[in-house]
Amino acid sequence: MSRTKYLSPAYQFGKSFFQILLDFIYPPTCIQCNRRLDHSGFLCHECEEFILNLMNPAFQKGRHDFYHLEGEILFDEVITFWDYTPEIEQLIFQVKYQRKKKLGLFLGQQLGKAFQTAYENWKQCIVMPVPLHRIRHRERGYNQSDILCQGINDCVNVPIYYDGLIRNRHTSTQTRLSAKERQDNVKNAFEVNPSYSFQGKDIVLVDDVITTGATVNNCAACLKEAGARKVIGIALARPQLD
Ligand SMILES: [Zn+2]
């Protein structure tokens, strides 16, 4: 999927000069504590360590953990790696709405490393982002789940199908919907990309957050119909439903 673009030395020099100038006028600060940074990341070393120490993998499956879902639960498991604390909520917001790609890559790398430890059969898996509809993708300019997958790709050697699933319905944003509305909202919203074979495969679906599980369940429905053996959803965190 990724294409390497040729950038002329003059362009690269101009870009780095512009970045240095920007950093001088607006010195980069840590998005958690506002402390001035001596590097071009988003978190200071203390906040980075603090965030890493907050990791707390949670393994969830079955009706007990997804009591909001009506009908059959078709995914096998959901693993989330942080509790939904205000700090994590803020980081997810930055990645999703504030174009903080480097932060998304960092979180994706942590997700990949933690998944390797948490899931024994990770080598058999194919990783795929939960897609955005092309209209939403165009509006936002990127899919945060793609960025998390790129981070996973930096440190885990598994195939990643960025276009394995297609979102064929432009659904309204889920943030303010009830559990039932979320489920109706994503029903039949996905289809598998016919260019790939999913027969007998173990699929890991990546999303920034998993809330009711409705999205993962609908993705799992079409992946299982296409012959997938297992579908596991992984996400940074799981917000509590109101
Ligand atoms: Zn900080």
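Where is the place of asparagine 34?

Tutor: Asparagine 34 sits in the loop between H1 and H2. Two notes on the numbers come next. This is a predicted model, so local features need pLDDT of at least 70 and side-chain atom pairs count only at pLDDT 80 or more, while totals for chains, interfaces and linings use all residues. Residues are numbered from 1 along each chain as its sequence is written, and side-chain values use heavy atoms, with hydrogens and water left out.

Stay with asparagine 34. Its phi is positive, about 65°, although the residue is not a glycine. Asparagine 34 counts as exposed because its relative accessible area is 59%. The cut-offs, with a 1.4 Å probe and protein chains only, are under 20% for buried, over 50% for exposed, and partly exposed in between.

Now the metal. The zinc ion has four protein donors: Cys30 (SG), Cys33 (SG), Cys44 (SG) and Cys47 (SG), lying 2.3 Å from the ion. Donors are N, O and S atoms within 2.8 Å of the metal (3.2 Å for Na, K and Ca); water is not among the atoms, so sites may look incomplete. Along the sequence, the donor residues follow the spacing C-x2-C-x10-C-x2-C. Cysteine 30 and cysteine 44 link distant parts of the chain, 14 residues apart, and each sits in the loop between H1 and helix H2 (45–53). The arrangement is tetrahedral because the four donor atoms subtend angles of 102 to 118° around the zinc ion. Four donors count as tetrahedral if all angles lie between 85 and 135 degrees.

How covered are these cysteines? Cysteine 30 is buried, at a relative accessible area of 0%. Cysteine 44 is buried too, at 5% relative accessibility. Asparagine 34, in the loop between H1 and H2, is exposed.

H1 spans residues 9–25, and phenylalanine 18 is found in it. Phe18 belongs to a nonpolar surface patch with Phe17, Leu21, Phe24, Ile25 and Tyr26; together they have about 740 Å² of accessible area. Areas come from the Shrake-Rupley method with a 1.4 Å probe, and for residues only the protein chains shown count as cover. Patch members have over 30% relative accessible area and no salt bridge; nonpolar side chains (Val, Leu, Ile, Met, Phe, Trp, Tyr) are joined within 5 Å, like charges within 9 Å.

Arginine 99, another residue other than glycine, has phi near 60°. Arginine 99 is in the loop between H4 and H5. At 56% relative accessible area, arginine 99 is exposed. Helix H5 (residues 101–118) holds lysine 101. Lysine 101 is partly exposed, at 43% relative accessibility. Leaving out residues up to four places away in sequence, lysine 101 touches Ile147 and Gln150; contact means heavy atoms within 4.5 Å. Lysine 101 and glutamine 144 are 43 residues apart in sequence, yet 8.1 Å apart in space, C-alpha to C-alpha.

Next, charge pairs. Side chains of opposite charge can pair when their charged atoms come close. The whole structure has five salt bridges, each a side-chain nitrogen of Lys or Arg within 4 Å of a carboxyl oxygen of Asp or Glu. One joins aspartate 208 to lysine 96, with the closest N and O atoms 3.0 Å apart. Aspartate 208 is in strand S6 (residues 202–209) and lysine 96 in helix H4 (residues 86–97), so this pair ties together parts 112 residues apart in sequence. Both residues are buried. Another bridge pairs arginine 229 with aspartate 202, at 2.9 Å between the closest N and O atoms. Arginine 229 lies in the loop between helix H9 (214–225) and strand S7 (230–237), and aspartate 202 in strand S6, 27 residues away. Aspartate 202 is buried, at 3%.

Last, the whole chain. The protein chain has nine helices and seven strands. Of its 242 residues, 46% are buried. Among contacts between residues at least 6 apart in sequence, 72% join residues at least 24 apart. The accessible surface comes to about 13600 Å², and 51% of this belongs to carbon and sulfur atoms.

Notes:
Helix = DSSP H or I, 4+ residues; strand = E, 2+ residues; numbered from the N terminus. Tetrahedral: all angles 85-135°; square planar, octahedral: opposite > 155°, others 65-115°.
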